[in-house]
Amino acid sequence: MTGGTAAPGILLGYQLPEALLGGPTAELVTAAERAEAAGVHLLLLGDRPAAPPDAAGPPAAILTASVLAVRTRRIGLVVGAAPAYHEPYNLARMVASLDHISAGRAGWLVVTGPDPAADANHRREGADPEVGRQARAAEFVPLLRDLWDTWEDGGFVHEKETGRFIDPARVHVLDHVGPALQVRGPLNLIRPPQGHPVVLAPAAEPLVAAEADVLTVGSPDGARAARAAAGSRPLLGTVTPFVAPSEEAARDLHARAGAPASDQEHAVLVGDPGAVAQRLVDWVERGAVDGFTVRFPSPDAMAAFTGLVLPHLRGAGRFRGAYRAATLRGNLGLARPANRLVERLALAADRGRS
Amino acid sequence: MSTERELHLGLMFWATGTHAAGWRHPDAVADAAYDIGLIQEVSRTAERAKFDFVFLGDRLATDPALQHSNPAQISRLEPYSTAAAIAAATSHIGVVVTANPTYSDPYSIARLLASLDRVSEGRAAWNLVTGADAAAAFNFGRDAHWDTDKRYDWAEETLQVVRDLWDSGAGPDGTGARRIVHRGRYFSVDGPLDVGRPPQGHVVVLNAGTSDRSRELGARGADIVFAGPQPTLLRRKEYYADIKARAARYGREQQVAVMPGLTPIVAATTEEAVALYDRLNALLVLDPDQEVGELVRAGGIGEGHRLNLGSASKVFGVDLRGCDLAAEVPAETLARAGTSEEGARRLAEITRLTRRTVDGPCRITYADLVHITPAPLSHTVVGNPEEVADMIQEWFEEGAADGFNIYPAYVPGAVTAFTELVVPVLQRRGLYRKEYAGRTLREHLRLPVPPRGTAG
Ligand SMILES: Cc1cc2nc3c(=O)[nH]c(=O)nc-3n(C[C@H](O)[C@H](O)[C@H](O)COP(=O)(O)O)c2cc1C
């Protein structure tokens, strides 16, 4: 938590453009290093397990994120993943492993929207992703938190002298039996460095949003309901910038991209660096959102935003441009969560006594 | 070399080492399981020794009760993300991910492996297992472990769909993607694979298992059969011949390599190697003497073996309880312990490993009888570099193995010991490559990239 008198910084997440994610690793790493050098809070790696014919999309986000994790030091790495296409035990391990590999910089964006093409790739005996999608997602998120908590901090001792490898008192069977999911646990992995990797979820999905650390919304205009849902949790609006040294050049970029318009999903920003920076500052000053996930139409657009807009935000005292903590949680001003299972066990023990 | 066969080497990475007390060795990193830097470093060590691959085993359950008998099975990083981090730190070595189709869907497997193949530029492999742990079922919403036939029916359809999906992805030029519209017994999958066809065409497939169904799947569909331990060289050769004969029925005997696990305990001299073996065993934590036999522990992962004189008494049919572990066993006790075929075989095994005998000047101890009782994870050889190389050469030339998956007893010390001491001997004898011939795992294994649509 910052507290004190420091101006509240704008939180920034870069949604990596597909051309970078699917291109040569060296270029992707260079782009990630630049974003890190500029102090961007996190990179967001989309993941969609379906393709229109005759196009190859980027590799699965978890693998790319792992590569970026060992090539960067400070920037957060958030992977998208839909509960509809994952087993909770498997996804809990993947995101927790990314948190270990990145030393506490992992996040998970819960993807909840319908996707008929992806559904058609994942039907198997006893599982149809189309059925009960929202209920599954709502149950999925707290379940992953519980799985991450099945080993308490200090559950692994690794004490060579005595041969004590673990502390059996600090590991818990979960025995989750819910309407959609059943998982016994414990997870076969030590608790993640952040306790829980950061969970991001769309504010529009209330049951899932209730369980998230950070909420996302489309255009910051009209984010009122999302703001109310987020409460004191960070809320990120979605923007797509077309920025160039002059307004004219920016308009030209925008026109050449087919002149996309702002809608519920995102706000399209067209202008010179100062103007675009001012739009962002205005939203945050009004309290509409706390920061942004920035979508880039191309790798060049990402470089332009970093090179042109971030200096303005820094100059206005609205963006630190440096990391204050070692973990993504720390950089977003989020505390490391206490162990929920331990708290529940203590509660049960209290009830037993009274 | 007159033969065209080539020896292959893989590195089995279990962070605590494959010896149950390996993590306690002074040259071991005790918490290596989550130390990605160390995992990368070990992979680079194997790459410098021109290993074909580093192998990430996996389980989908855990059991705290294994902390003394098999701590490697308690906890580890998830293999796909680990493999990507290994690939990022290496340039030639293959990376094998263990993935169990029983608890996944074919599209996810095809996609993650194809992604790893891209991220590693053609170095991915899949160890297809159907699950060693009945307890995994409870972590995936099931109330029971499927029987062998259901697991292998499911696995075979998975393998077919996965290969069809690999063929359905766009090529490097972005063209050639097509739907597969698979409507099978278990799966309904449309495709195409969104991440494109893997650089290797098909990711290399390994299979590990013991049942008839497993051997059949391996012979028909795997590039490498990863063999479990066999008690004798004869049985090992029979297993090897069986896999090759089955593969021949599918016209694939040249395409399937048989690679057993091998734990080398190696040092500059025989005496030092035996001392190292003894030291590792001395670090084992024994169970209380009165607890005997095997039992499925809480959670049900693995069969927990009780390591003590009680269990040894059962195995050898002689009451050994209460004896001084460090003491030599009297000749007449050893004679009785060796009356059963099983007892005699284990005594011979102790002599092979420790050089201590039933009647020589250096006699078998009670501790030796205890340490030989658990079912071995792999074949162990204890010796100087020439002795270890002799064993590898013999198995290779006798038709018992096409290569070995090297199990380091502790990490990273045992990896360095093997790569620095034994690999140069194998290279000097012309048994092992001095340089990689190519960049992809298929090239190391001399497997061509399959053309599209030849799944099978
Ligand atoms: C050498 C060897 C290594 C194995 N490694 C694994 C592993 O890493 N994870 C796993 O779940 N099962 C592993 N297994 C178990 C087998 O894959 C197989 O699923 C199990 O033995 C049951 O099948 P079966 O009846 O065909 O043997 C291994 C088996 C062998 C022989």
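The following conversation asks how several labels given to parts of this predicted model were reached.

Modeller: In this predicted model, local features need pLDDT of at least 70 and side-chain atom pairs count only at pLDDT 80 or more, while totals for chains, interfaces and linings use all residues. Residues are numbered from 1 along each chain as its sequence is written, chains are lettered from A and ligands numbered from 1 in the order in which they are written, and side-chain values use heavy atoms, with hydrogens and water left out.

Biologist: Why is B:Ala99 called buried?

Modeller: Buried means under 20% relative accessible area, exposed over 50%, and partly exposed in between, with a 1.4 Å probe and protein chains only. B:Ala99 has 7% relative accessibility, so it counts as buried. The residue sits in strand β3 (residues 94-99) of chain B, where strands are DSSP runs of E with at least two residues and helices are runs of H or I with at least four, numbered from the N terminus. Leaving aside residues up to four places away in sequence, B:Ala99 touches B:Tyr80, B:Trp126, B:Asn127, B:Leu128 and B:Val129, contact meaning heavy atoms within 4.5 Å.

Biologist: What makes A:Ala259 buried, partly exposed or exposed?

Modeller: Its relative accessible area is 42%, and therefore A:Ala259 is partly exposed. A:Ala259 is found in the loop between α9 (247-256) and β13 (267-271) of chain A, and has a positive phi of about 50° although it is not a glycine. A:His158 also has a positive phi, near 55°, in a residue other than glycine, but this residue lies in strand β6 of chain A and, at 14% relative accessibility, counts as buried.

Biologist: How do you know that the span of helix α13 of chain B agrees with its number of residues?

Modeller: The expected span of a helix is 1.5 Å times one less than its number of residues. The 16 residues of α13(B), residues 413-428, should therefore span 22 Å, and the end C-alpha atoms are 23 Å apart, which agrees.

Biologist: Where does α13(B) bend?

Modeller: The bend at a residue is the angle between axes fitted to the seven residues ending there and the seven starting there. By that definition α13(B) bends by about 30° at B:Val422, and a proline, B:Pro424, follows within four residues. In the loop between β13 and α13 of chain B lies B:Pro412, joined to B:Val411 by a cis peptide bond with omega about 5°.

Biologist: Why is α6(A) described as largely enclosed?

Modeller: Of its 16 residues, 14 are buried, so α6(A) is largely enclosed by the rest of the structure. This helix bends by about 25° at A:Phe140, with the proline A:Pro142 following within four residues. In the loop between α6 (133-148) and β6 (156-159) of chain A is A:Asp149, which is buried because its relative accessible area is 0%.
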